[in-house]
Amino acid sequence: MAGESVRWGILATGGIAAAFAADLVDLPGAEIVAVASRRREPAEAFAERFGVERAYGDWESLAADPDVDVVYVATPHAAHRAAAGLCLEAGRNVLCEKPFTLNLREAEELVALAREHDRFLMEAMWMYCNPLVRRLKALVEDGAIGEVRTVHADFGLAGPFPAAHRLRDRALGGGALLDLGVYPVSFAQLLLGEPDGVAASAVLSPEGVDLQTGAVLSWESGALASLHCSIVGGTAVTASVTGSRGRIDIPSGFFNPDRFVLHRDGRDPEEFAADPADGPRTSLRHEAAEVMRALRAGEKESPLVPLEGTLAVMRTLDAVRERIGVRYPGEETAGDEAAVLAG
């Protein structure tokens, strides 16, 4: 595939799918050849909007399309396992929106399918592909602030969201943690890896999803991460990383920053700004470009968003949900089943 156009299929037609398609249209070497929805009408409207040749009213037709090199799965996350699994089984490469799945079990199933069918698979954690976030990570790894001691990150939306909204719908994997908390967790684990300890507390809605959650992750090194997410309060969406010899602050939008400030002990602060040539901070082009680079190189996963890292984040999200008491339909544990059988 080296040097050739990468032919994309878009599965789902919502807001994030439209944003991704808009960035693909302007990305050299990318071509959108097909789009699918569960109904033909929205697929046809999406195809007309973005100049896509084929519109399907079912997922199966897109998965079976031999002209599609890679499918971008943009459904709500409760459907990620089914949609991405269908595409992998049909021999398609897949970029799947975050959160990767509802839980670790589903994530492991998708990874196993990708390996069984020898296909590329990546979570669409665009933060990991952001050039400025990559620069921050490199500085931390190079020891710019010494040994990492603490990480802070928050992501909250003001709402209010009515009970019928997707974010409060338990059947759709609603709640603050999976939609928003995945970013603070992923940011902490980008810098520190999988935690050794997880503590959490939350305020739950009458529907049984988390309205806001606070988590403290701990590592054997002594590092701690204090993380927060909310759908009932608009937070500053900031992050900071403190080390033994300095600190890095992201003053706003830590998952798609336009700048960050490096404070080194005994030195003046240094500001690192996004390169205007990299496009607007909302651009999804960097993750798309990384998928295309990997496909042309014959890679089955991205070193920027490795599958083991995605699984590690899902393990942490599962651990947080276990501690705050949020479960989704079909997630009964073996202990629950034993209790039912015992009467």
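How much space lies in the largest pocket? In this predicted model, the answer is about 450 Å³.

**Close-up 1. The largest pocket and its lining.** Of the 23 residues lining this pocket, Ile16, Glu97, Lys98, Arg166 and Asp179 are the closest to its centre. Two elements, α1 (15–25) and α8, each give two or more residues to the lining. The most comes from α8, which supplies three residues. By residue type, the lining of the largest pocket divides into 14 nonpolar, four polar and five charged.

**Close-up 2. A cavity lined by residues of α8, β9 and β10.** Elements giving two or more residues to its lining are α8 (176–192), β9 (210–218) and β10 (224–230). Here α8 has the largest share, with four residues. Seven of the lining residues are nonpolar, four are polar and none is charged.

Close-up 3. Which residues of helix α4 (residues 80–89) are buried? They are His80, Ala83, Ala84, Gly85, Cys87 and Leu88. An α-helix has 3.6 residues a turn, so residues three or four places apart point the same way. The buried residues of α4 pack against the strands β1 (6–11), β4 (70–73), β5 (93–97) and β6 (121–124), and against the helices α3 (59–64) and α5 (104–116). After α4 comes Gly91, with a positive phi near 90°.

How values were computed
Residues numbered from 1 in each chain as written. Predicted model: local features only at pLDDT ≥ 70, side-chain atom pairs only at ≥ 80, totals over all residues. Heavy atoms only, no water. Nonpolar A, V, L, I, M, F, W, Y, C, P; charged D, E, K, R; others polar. Buried < 20%, exposed > 50% of the residue type's maximum accessible area, 1.4 Å probe, protein only. Contact = heavy atoms within 4.5 Å. 1 Å grid on protein atoms, 1.4 Å probe; cavity = no way out; pocket = protein on both sides within 12 Å on 5 of 7 lines; lining within 4 Å. Points joined across faces, edges and corners; volume = space filled by probe spheres on them.
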